[in-house]
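Hello,

Here is the structure we talked about handing over. Please open it next to this email and follow along.

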Amino acid sequence: MHPLCCISLESPEIGDQSPEMSLTRARSLPAGAVTGFCGSEGNAKGSEATVAGVLYKWTNYGKGWRSRWFLLKNGVLSYSKIRRTEYLNLPSSRDDVRFIGEISTNRPSRTDSGGFRRKQQKDVGIVHLKISSFRESKSDDRRFYIFTATKTLHLRTNSRRDRVAWIQALVSTRSLYPLRTLNDGLSIVPKDLSISTVRLKKRLVDEGVSENLVKDCEQIMLSEFNEIQGQFKVLCEERSNLLDTIRQLESSDDIEKQELEEVSDDDEISFYDTREFFTEPSVSCRPVKEVTNHAREEEQLGNTFNTSEKMYDEKEKCDSRYPNIERRKKLPDPVEKERGVSLWSMIKDNVGKDLTRVCLPVYFNEPISSLQKCFEDLEYSYLLDRAYEYGKAGNSLLRILNVAAFAVSGYASSEGRHCKPFNPLLGETYEADYPEKGVQFFSEKVSHHPTVIACHCEGKGWKFWGDSNLRTKFWGRSIQLDPVGVLTVEFDDGEVFQWSKVTTSIYNLILGKIYCDHHGTMEIHGNCQYSCKLKFKEQSILDRNPHQVNGFVEDVLGKKVATLFGKWDDSMYYISGDGSGKLKDGNVSPDASLLWKRNKAPLNLTRYNLTSFAITLNELTPGLQEKLPPTDSRLRPDQRHLENGEYEKANAEKQRLERRQRMSRKLQENGWKPRWFRREGENGSFRYVGGYWEAREQLKWDECPNIFGEFCEDVHNSEDS
């Protein structure tokens, strides 16, 4: 769960109205008993019966309150969208079901022909009551809440009497499945059981049974016992795994002590409650032409060269000429338990201010700096390798197509990434030497106000450089980031492409599921034959197919020679000529050729949603620390503590470094200059002046101050020079 906590709101109104903006503290209801709710009948036979009925559940601002069919059975509360066939989920004996409220209000789900669907409705959400708590609303006598370790259900009945019945059923049912009883019962079960056949053999011998028959009886008995023992071991393992899961859920969030008003109603998405309305179709696996099979495009363009499939493999592959470095697959396990923090309490006094000047706790950061995040744009650097080879072979069109795919691929890692990177200190640097990818990358924070980061990367036949400055604004419920700066790719044969990034917006900071979107127009200008224009479509509320990117390539005469389309978080395709290829109903035109496909997500996911590539960026591989300058981001203490899950230390170090960072503007005004980059002209871009990798080889870091240490004279002397 992302640490940007959201606020839950209440409303006494009926219908599809949003909860009112006044926060009220809900009264806690203990599991053992409920004053005014549980009578003698609640602990009798009714507590064991299946309970069913209709409740209204708050979904989101777009849909408001929606009726759902709830079923309480065996300590589990499940709910789904209402339809008459829901009776199929009930026990065969209607006498075993206790209905709460009117059930005749169930809305049927109709097919296109007007008849009722016969397909059984699947559960939308499931809540295990043994690890949940319940609370009633003070402001509305029909509302109550169910809290788990990861989500909150805001529910409403038609009357106060119905709420009393539901609370009574929930509490009574949970009392039948106490966690302590399950734990104690499992702990006293012996792990190893054995059986003796001595008495049985003696009895059979006394009866005059032959020795062979006695042995047969003994084998039959042992065989039956072994089978039962195997089944019992499987059952114990399943229960042990269940206990481990429950303990993890309980330790991940102290439900009874947290500030419940800071939890969002819109966790509805976790239950896929709106799946049938907001489905994002996946790209069909129908055969499409790969980039290596572009003979028809070559004929149209008059190209006669032969394409090497090995040279233009669609997948990125390690070059055998370079060493294969083993990099980590996951982040370290956290040392401490993470705390929840209210975002609204942090930003309510900073609406309209520059995000880079707002001090936030370390809980809102991911263990990566902005310098390292620049290198994330190079995750799919093989696209530039391929572009170089295509241009070298004479196919300039496929060169710019791959450059365009590379420009889009840099956004793929932002999906699900809601934490902000660390803002580097003035003079902070980062190097990335990835010989298995054939790239060397270097970046430096060259200006504190405005914040400007410059980078330079060299690959197989190309150079990539640029500087970036983000203009950021809080707008209450969202953040807008407008990038300033130009990115440049220059190939060894002299062809150059330049472009700027599009606007990024982060929505639902206060209420709802946080998500980011990229929108705007990206123009890729070339100095030779082709240029490209890409349109990042802005996502709307009812968009069934978000994250779309469409564009075209045109020659110097303005003629469209190729069309591009895809999604910035998934893949990009192209069609030769002024085509009309689109992602229609999730399917790709059979004439389309695949340019780029996003890598699969890592197996070890964290709350930061880092990609497999991003997980490696802050790693200190063996022998690396001794070679790094004291300004490298990997040596930043607050960032390292956060990666290790040492949140208290990380927060303390972050505050210490931010106090030091306040001196940066004064140092910059006194004539401080970057160490490895210089600005071209008065308002030009920053270019790498060279010398870093040579200094690294000789370990000459005399001119690099220890910016992460305590204040000392050498820092001031170095930065004032």
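This is a predicted model: local features need pLDDT of at least 70, side-chain atom pairs count only at pLDDT 80 or more; totals for chains, interfaces and linings use all residues.

P450 sits in the loop between strand 16 (439-447) and strand 17 (452-458).

Two other loop residues deserve a look. H547 is in the loop between strand 24 (530-536) and strand 25 (548-555). H547 is not a glycine, yet its phi is positive, near 70°. Is H547 buried or exposed? H547 counts as buried, at 6% relative accessibility.

L699 lies in the loop between helix 14 (692-698) and helix 15 (713-720). Its phi is also positive, near 55°, in a residue other than glycine. L699 is partly exposed, with a relative accessible area of 47%.

**The whole chain**

Now step back. The chain has 721 residues, and 49% of them count as buried. It holds 15 helices and 30 strands. The accessible surface comes to about 36,200 Å². Carbon and sulfur atoms account for 49% of that surface.

Take the contacts between residues at least 6 apart: 64% of them join residues at least 24 apart.

**The cores**

How many residues does the largest nonpolar core have? It has 70. The residues with the most contacts inside this core are F375, F464, W499, I524, L534, V553 and L564. Helix 9 (residues 396-409) gives the most to the core, with 10 residues.

Leaving out residues up to four places away in sequence, F464 touches L378, F406, C455, H456, C457, L487, T488, V489 and W499. W499 is also on the list of residues with the most contacts in the core.

There is a second, separate core of 21 residues. Among its members are I100, V124, F144 and A165.

**Helix 8**

Helix 8 covers residues 382-392. It is mostly covered, with nine of its 11 residues buried. The buried ones are Y382, L383, L384, D385, R386, A387, Y388, Y390 and G391. They pack against helix 9, strand 18 (462-474), strand 20 (487-491) and strand 28 (593-597). After the helix comes G394, with a positive phi near 105°.

Start with D385. D385 is buried but has no salt bridge. Which side chain of opposite charge is nearest to D385? That is K460, 4.1 Å away. Beyond residues up to four places away in sequence, D385 touches K437, K460 and W462.

Next comes R386, also in helix 8. R386 is buried, with a relative accessible area of 3%. Its side chain makes a polar contact with the side chain of N402, at 2.8 Å. R386 and K460 are 74 residues apart in sequence. In space they are 9.2 Å apart, C-alpha to C-alpha.

**Salt bridges**

Side chains of opposite charge can pair when their charged atoms come close. A search of the whole structure finds 28 salt bridges. Here are three of them.

- E376 and R417 meet through their side chains, at 2.7 Å from N to O. E376 is in helix 7 (residues 370-376), while R417 is in the loop between helix 9 and strand 14 (420-422), so the pair ties together parts that are 41 residues apart in sequence. E376 counts as buried at 3% relative accessibility. R417 counts as buried at 6%.
- R636 and D638 form a salt bridge at 2.8 Å, N to O. Both R636 and D638 are buried.
- K649 and E646 form a salt bridge, with the closest N and O atoms 4.0 Å apart. K649 is partly exposed, at 46% relative accessibility. E646 is buried, with a relative accessible area of 15%.

Some salt bridges share partners. They join E366, K373, E376 and R417 into one network.

That is the tour. Over to you.

Terms used. Residues are numbered from 1 along each chain as its sequence is written. Side-chain values use heavy atoms; hydrogens and water are left out. Helices (H or I, at least four residues) and strands (E, at least two) are DSSP runs, numbered from the N terminus. Buried means under 20% relative accessible area, exposed over 50%, partly exposed in between (1.4 Å probe, protein chains only). Contact means heavy atoms within 4.5 Å. Accessible areas come from the Shrake-Rupley method with a 1.4 Å probe; for residues, only the protein chains shown count as cover. Lys and Arg count as positive and Asp and Glu as negative; His and the chain ends are not counted. A nonpolar core is a set of buried Ala, Val, Leu, Ile, Met, Phe, Trp, Tyr and Cys residues joined through side-chain atoms within 4.5 Å. A polar contact is a pair of N or O atoms within 3.5 Å; within protein, one must be able to donate a hydrogen and the other to accept it, and residues adjacent in sequence count only if both atoms are side-chain atoms.
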